[in-house]
Amino acid sequence: MQHATRPSSLLGNAMTPNSRKGLLTAALVLVAGLLIVACGGSGEAEGPVALDADGCRTNVVLTSQDSAFCRGKANFHDRKLSGLGGNGRACVDCHMAGERFQLTPEAVRARFAAMNATGVDDPLFRAIDADDFRINGSAARDFTNLTTNALVRVTIPLPDNVKLLDCGAAVPCPITARPTAETEADIWRATPSILDVRITGPDGQAPAWTRGPNLRGGFQLDGRIDTLQNQALAALRSHAGITTEPPAGFLDDLASFQNAMFSSASVKALADAMAATVLPLPDPDPVLNSLETVGKAVFNRACGQCHGNQGNHPSGSVPLLLGPLGTPTNIVRYHDILTTCPRPVDTVTPPRFSFTPCTPSQMKNVRTYQITNSGTPPSGTACGGPAPQPPCVTRLTTSDPGRLLLTGFPQPGGPGDIQHFDTPSVRGIARTAPYFHNNTAATLEEVLEHYKQFFKRVAVQNPGAPLLTTQPGVTPPVIDRPFTDDEIPALLAYLRKL
């Protein structure tokens with residue numbers, strides 16, 4: 001479930017080295033309409049030094065005498081970022097501790113209302129994440145994507161063979177549209193939770209993707225970053241606006257803090273076992289009742305092929321090799337599950353599949369890209385000739401091209417990277433709404449409805465696809481993987497227990 005992510009797990013309350021109470025103590029919360037300033041790592045306080053619920057010193061500059069976890073926690077909550085020249089944002093402003101280290105539309109709207117009512121600045125609302133930033137610069141004030149969808153701006157350089165067209169968000173883009181001079185693409189994405197990052201990211205497991213970066217998984221929704229340190233550095237540069245690079249130790253400490261954040265104690269136990277190469281790995285699921293047990297069987301059949309809920313690496317980031325004994329079906333690393341906007345519409349009456357349309361605010365994020373294919377892929381298939389040769393220039397209208405922005409693929413001769421994202425873990429999913437890379441599903445029911453339509457579309461296009469059958473190679477195909485309507489209550493019960 002792409003970004004049922006998120007990421008895109010589910011078990012118990014969020015855990016730090018101590019307790020969820022400790023997290024909430026350090027959380028950024030709204031009290032009496034005012035945002036409490038999160039604890040930081042700068043400035044000596046008068047009086048005795050206090051310890052927080054995790055045993056970390058507060059209101060002092062932490063030193064090598066303090067643990068890497070405590071230093072990283074202070075860095076995560078520090079809005080001043082002394083010496084780095086930031087814009088007043090801390091990591092916790094977008095990864096809100098009180099929201100399980102992510103952003104939700106409800107929390108963003110509450111913060112926006114509090115800022116407007118009190119006049120007290122909230123660093124979440126910086127011009128870089130305003131819809132009109134490219135028009136009005138530092139004076140930009142349209143925060144529709146933040147307040148309506150809890151999405152932030154991600155800017156990625158365009159590959160050499162990819163151009164943006166001048167039709168804006170128009171759908172369809174007129175045939176007369178021409179390439180712009182833009183060299184970067186602005187896309188709008190959800191803020192992934194930092195919970196369970198220790199069992200996500202690059203994992204060294206099969207299957208590997210065919211094009212980099214990060215053939216075996218990475219951080220961020222498209223898997224483009226290789227380490228937590230580089231992920232933090234990218235966020236500090238783009239979202240916190242730093243002008244001076246932080247020392248390596250600062251980033252290492254941040255990684256230490258994030259690696260201690262789990263959705264439950266049993267997921268931490270799983271991470272410890274994975275690090276120690278203990279086999280078989282412990283099952284991180286809690287005790288299940290009869291309905292939840294049925295739901296787990298449905299999940300393993302219908303969802304586990306991509307979200308990896310069993311085997312020797314049940315993190316949720318590694319697709320499984322499923323199939324009859326001796327004939328595994330290789331499920332690829334990165335996927336397109338059609339959560340971008342606009343979504344496919346069946347032209348048959350009555351329609352054989354019917355995705356929930358994107359809202360007007362979601363459709364505002366659509367752009368049209370022109371892709372020039374090289375005509376020289378590894379297979380040697382040329383472009384521009386009669387079928388099955390693809391055209392040398394193609395157009396893509398989407399709210400998010402996914403890994404295409406990292407590679408410039410597709411090219412003739414193989415599957416492309418269009419709208420492909422990493423597979424998130426689903427541990428803790430009941431408490432990480434909304435879902436998908438663009439927050440387009442508000443509930444787990446909406447997630448399952450999307451997958452129901454997704455499976456229907458796959459069946460229309462390719463009834464023998466491994467996404468549909470646990471019995472590859474059988475003729476005619478046995479479509480038995482998709483969950484049925486009768487199985488949805490059990491599946492929901494299991495997801496909510498994770």
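This is a dialogue on reading a few features of a predicted model.

Q: Where does Leu228 sit, and is Leu228 buried or exposed?

A: A residue counts as buried under 20% relative accessible area. Leu228 has a relative accessible area of 6%, so Leu228 is buried. The residue belongs to helix H7, which covers residues 228-238.

Q: Which residues does Leu228 touch, not counting residues up to four places away in sequence?

A: A contact is judged by distance between heavy atoms, here within 4.5 Å. By that rule Leu228 touches Val197, Phe219, Ala255, Gln258 and Asn259, with residues up to four places away in sequence not counted. Another way to see the fold is by C-alpha atoms: those of Leu228 and Leu254 are separated by 8.2 Å, although the two residues are 26 residues apart along the chain.

Q: Which strands pair with S10?

A: Pairing is read from bridges, and two strands pair if there are at least two bridges between them. Strand S6 (residues 162-164) pairs with S10 in the antiparallel sense over three bridges. Strand S11 (residues 393-398) also pairs with S10 in the antiparallel sense, over six bridges.

Q: How many of the six residues of S10 are buried?

A: Five of the six are buried, so by the 20% cut-off strand S10 (residues 367-372) is mostly covered.

Q: Which residues of helix H9 are buried, and where do they fall when seen down the axis?

A: In H9, which runs over residues 265-275, the buried residues are Val267, Leu270, Ala271, Ala273 and Met274. Seen down the axis of H9, these buried residues fall within an arc of 165°, so they line one face of the helix. After H9 comes Thr277, whose phi is positive, near 55°.

Q: How many disulfides are there?

A: A disulfide is read from two cysteine sulfur atoms within 2.5 Å of each other. By this rule there are three disulfides. One of them joins Cys56 to Cys70, with an S to S distance of 2.0 Å. Cys56 lies in the loop between strand S3 (50-51) and strand S4 (57-58), and Cys70 in helix H2 (residues 68-77), so the pair ties together parts that are 14 residues apart in sequence. Both cysteines, Cys56 and Cys70, are buried. Their link is left-handed, with -80° about the S-S bond.

Q: What is the angle about the S-S bond in the link of Cys167 and Cys173, and are these cysteines buried or exposed?

A: The angle is -110°, and the link is left-handed. The sulfur atoms of Cys167 and Cys173 are 2.1 Å apart. Cys167 is buried, with a relative accessible area of 14%. Cys173 also counts as buried, at 14% relative accessibility.

Q: Where do Cys341 and Cys358 lie?

A: A disulfide joins Cys341 to Cys358, with an S to S distance of 2.0 Å. Cys341 and Cys358 are 17 residues apart, and each is in the loop between strand S9 (329-330) and helix H12 (360-363). Cys341 and Cys358 are buried.

Methods
Residues are numbered from 1 along each chain as its sequence is written. This is a predicted model: local features need pLDDT of at least 70, side-chain atom pairs count only at pLDDT 80 or more; totals for chains, interfaces and linings use all residues. Side-chain values use heavy atoms; hydrogens and water are left out. Helices (H or I, at least four residues) and strands (E, at least two) are DSSP runs, numbered from the N terminus. Buried means under 20% relative accessible area, exposed over 50%, partly exposed in between (1.4 Å probe, protein chains only). The arc is that of the directions from the helix axis to the C-beta atoms.
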